[in-house]
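Here is a friendly walk through one protein model, in questions and answers. Have a look at the display first, then read on.

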Amino acid sequence: GHARTIVAAADAAVVGLSRLADGDDQLARIGYVQSATYRWIGVLAAAARQAGVGLQLVASPGLRQLEAIRSRQLDAGLIRLDSVQHDVTGLEHRTLAHDPLYAVVRDGDPVDTESITADDLRDRALILYPETEGPGLRRLVQQWLNRTGRLKITDAWDAPSAVALAAAGTGIAVLPSPLPPLPANCRAVPLDRSPQLSLAVVWHPHRDALTRRILDRLPEL
């Protein structure tokens, strides 16, 4: 599955760069958050190919994507809007998915069960995205834990980094699905009654026609 995603994205990049070299403006510059890599990038690349649109993909945190979309450096982005908790007035958006949260734990950890409750994690060290990049995720986890005090948190800039820290025993990573590949000494455990993070496509109205050509093909994929 991961290989197909990489190949589809590579095919889209070749088409996009060829169009750009030929002076063709039918090139969509689309940003994406890390968790979109493991499902949506392959689907997006296939939709763009069917629409005859070139793709230039840019990995970037949600807040930076919004800034780039507003300044027209990006045409669209795959963003966790409830994570960034940012005003999108003047931009278009469509929700693609609502994804639950998982805890990534090392083998042998006391919370290595079939489902993790808030009590299991209440006093544990957690690995989360930095406050500057994913403030909504932190608030969501804090609400789920029913905690008002300060949490023990280690920052990780992206999902693979969070998983690597969990594998090293730094703490328990809490991430939205889909997850990156996990090392042999870790497993993903669903949170009991997990809150969900939505994933949305956000785009600038000036590229509405081009973006919608791609989005209109998503349902069939």
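Helices (DSSP runs of H or I, at least four residues) and strands (DSSP runs of E, at least two) are numbered from the N terminus. This is a predicted model: local features need pLDDT of at least 70, side-chain atom pairs count only at pLDDT 80 or more, and totals for chains, interfaces and linings use all residues. Residues are numbered from 1 along each chain as its sequence is written, and side-chain values use heavy atoms, with hydrogens and water left out.

Q: What percentage of the residues of the chain count as buried?
A: The chain has eight helices and nine strands. Buried means under 20% relative accessible area, exposed over 50%, and partly exposed in between (1.4 Å probe, protein chains only). Of the 221 residues, the share that counts as buried is 48%.

Q: Which residues touch the most other members of the largest nonpolar core?
A: A nonpolar core is a set of buried Ala, Val, Leu, Ile, Met, Phe, Trp, Tyr and Cys residues joined through side-chain atoms within 4.5 Å. Among the 33 residues of the largest one, those touching the most other members are I116, L121 and L175.

Q: What is L121 in contact with, leaving aside its neighbours within four places in sequence?
A: With its neighbours within four places set aside, its contacts are I116, L126, W144, L145, I172, V174 and L191.

Q: Which residues of helix 3 are buried?
A: Helix 3 spans residues 62-70. Cover over its buried residues includes strand 1, strand 3 (76-79), helix 4 (81-84) and strand 9 (196-203). The buried residues themselves are G62, L63, Q65, L66, A68 and I69.

Q: Is R72 buried or partly exposed, and at what relative accessibility?
A: R72 sits in the loop between helix 3 and strand 3. Its phi is near 65 degrees, a positive value in a residue other than glycine. R72 counts as partly exposed because its relative accessibility is 45%.

Q: Is R193 buried or exposed, and with what relative accessible area?
A: R193 has its place in the loop between strand 8 and strand 9. Its phi, near 50 degrees, is positive in a residue other than glycine. R193 is exposed, because its relative accessible area is 77%.

Q: Why does L179 count as buried?
A: L179 lies in the loop between strand 7 (172-176) and strand 8 (186-190). Leaving aside neighbours within four places in sequence, L179 is in contact with Y38, Y102, V104 and A188. L179 counts as buried because its relative accessible area is 17%.

Q: How far from a polar atom of the side chain of T37 is the backbone oxygen of Q34?
A: T37 is in the loop between strand 1 (27-32) and helix 2 (40-51). T37 is buried, at 19% relative accessible area. The distance from its polar side-chain atom to the Q34 backbone oxygen is 2.8 Å.

Q: Which residue's backbone oxygen does the side chain of R207 reach?
A: R207 is in the loop between strand 9 and helix 8 (208-215). R207 is buried, with a relative accessible area of 16%. At 2.9 Å, its side chain reaches the backbone oxygen of L27.

Q: Which element gives the largest share of the lining of the largest cavity?
A: On a 1 Å grid over the protein atoms alone, a cavity is a set of points where a 1.4 Å probe fits but cannot get out, and lining residues have an atom within 4 Å of a point. The lining of the largest cavity is I30, L44, A76, V201, T211, I214 and L215. The largest share, three residues, comes from helix 8.

How values were computed
A polar contact is a pair of N or O atoms within 3.5 Å; within protein, one must be able to donate a hydrogen and the other to accept it, and residues adjacent in sequence count only if both atoms are side-chain atoms. Contact means heavy atoms within 4.5 Å. On a 1 Å grid over the protein atoms alone, a cavity is a set of points where a 1.4 Å probe fits but cannot get out, and a pocket is an open set with protein on both sides within 12 Å along at least five of seven lines; lining residues have an atom within 4 Å of a point.
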